[in-house]
Amino acid sequence: MDSRPGSSPRPAFTVLFVPGVTPTKWARIWNERMPRQRLELRPASPAEALAALRDGTGDAAFLREVAADDEFSAIRLYEEQPVVVASRDHLFSALGPHETIALDELASETLLDGQDADTLELVAAGVGVATMPRSVARALSRRDVIARGLRDAAPTTVSLVWPIDRTTAAVETFIGIVRGRTENSSRG
């Protein structure tokens with residue numbers, strides 16, 4: 001921060017992230033390279049993250065299943081494999097932790113919509129099963145719920161997303177960090 005009289009400190013560069021995304025490595029690199037600009041990491045639901053990008057309270061976000069469009073730029077980072085979460089008392093718990101469930105095996109199940117703690121509460125109560133990315137299931141893990149891999153299901157994509165009209169130098173720096181560019185590398 002600039003501590004000269006009359007100067008104002010730079011606002012934080014704010015990055016939102018949805019459950020299951022771990023931005024720790026990128027934050028560490030940002031803090032090493034950009035010591036004069038604070039990075040604020042903020043957990044958020046997908047809807048909260050998009051709202052923050054739209055209203056300017058967020059600079060970038062790690063989101064699932066958001067593609068570039070007329071409003072947002074997006075860089076696909078990685079894919080996550082889906083899992084089925086079920087009550088520990090469910091038949092699926094008889095499968096070993098490395099065994100998987102075929103998508104068509106869910107046809108006779110009550111499939112709950114959601115990927116949050118409330119959904120897991122219903123799963124634990126035996127109301128139904130749910131599908132979600134493995135990282136979300138891990139982040140929300142509970143002793144009364146099991147997770148098993150899901151075959152034949154499309155993976156989810158995690159992307160770095162930011163408003164097209166606010167592609168600032170800080171955003172470009174963060175993109176470089178996320179893409180693994182070294183401090184001295186050039187974009188060519």
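Arg76 counts as exposed, at 59% relative accessibility, where exposed means over 50% relative accessible area, buried under 20% and partly exposed in between, with a 1.4 Å probe and protein chains only. Its salt-bridge partner is Glu79, with the closest N and O atoms 3.3 Å apart, and Glu79 is partly exposed, with a relative accessible area of 46%. By salt bridge I mean a side-chain nitrogen of Lys or Arg within 4 Å of a carboxyl oxygen of Asp or Glu.

Please keep in mind that this is a predicted model, in which local features need pLDDT of at least 70 and side-chain atom pairs count only at pLDDT 80 or more, while totals for chains, interfaces and linings use all residues. Residues are numbered from 1 along each chain as its sequence is written, and side-chain values use heavy atoms, with hydrogens and water left out.

Arg151 pairs with Glu105, the closest N and O atoms being 3.7 Å apart. This pair links distant parts of the chain, 46 residues apart, with Arg151 in strand S9 (residues 145-151) and Glu105 in the loop between strands S6 (100-102) and S7 (111-112); helices (H or I, at least four residues) and strands (E, at least two) are DSSP runs numbered from the N terminus.

Glu121 forms a salt bridge with Arg142, at 2.7 Å between the closest N and O atoms. Here Glu121 lies in helix H3 (residues 117-124), and Arg142 in the loop between helix H4 (134-139) and S9. Finally, salt bridges that share partners join Glu121, Arg142 and Asp144 into one network.
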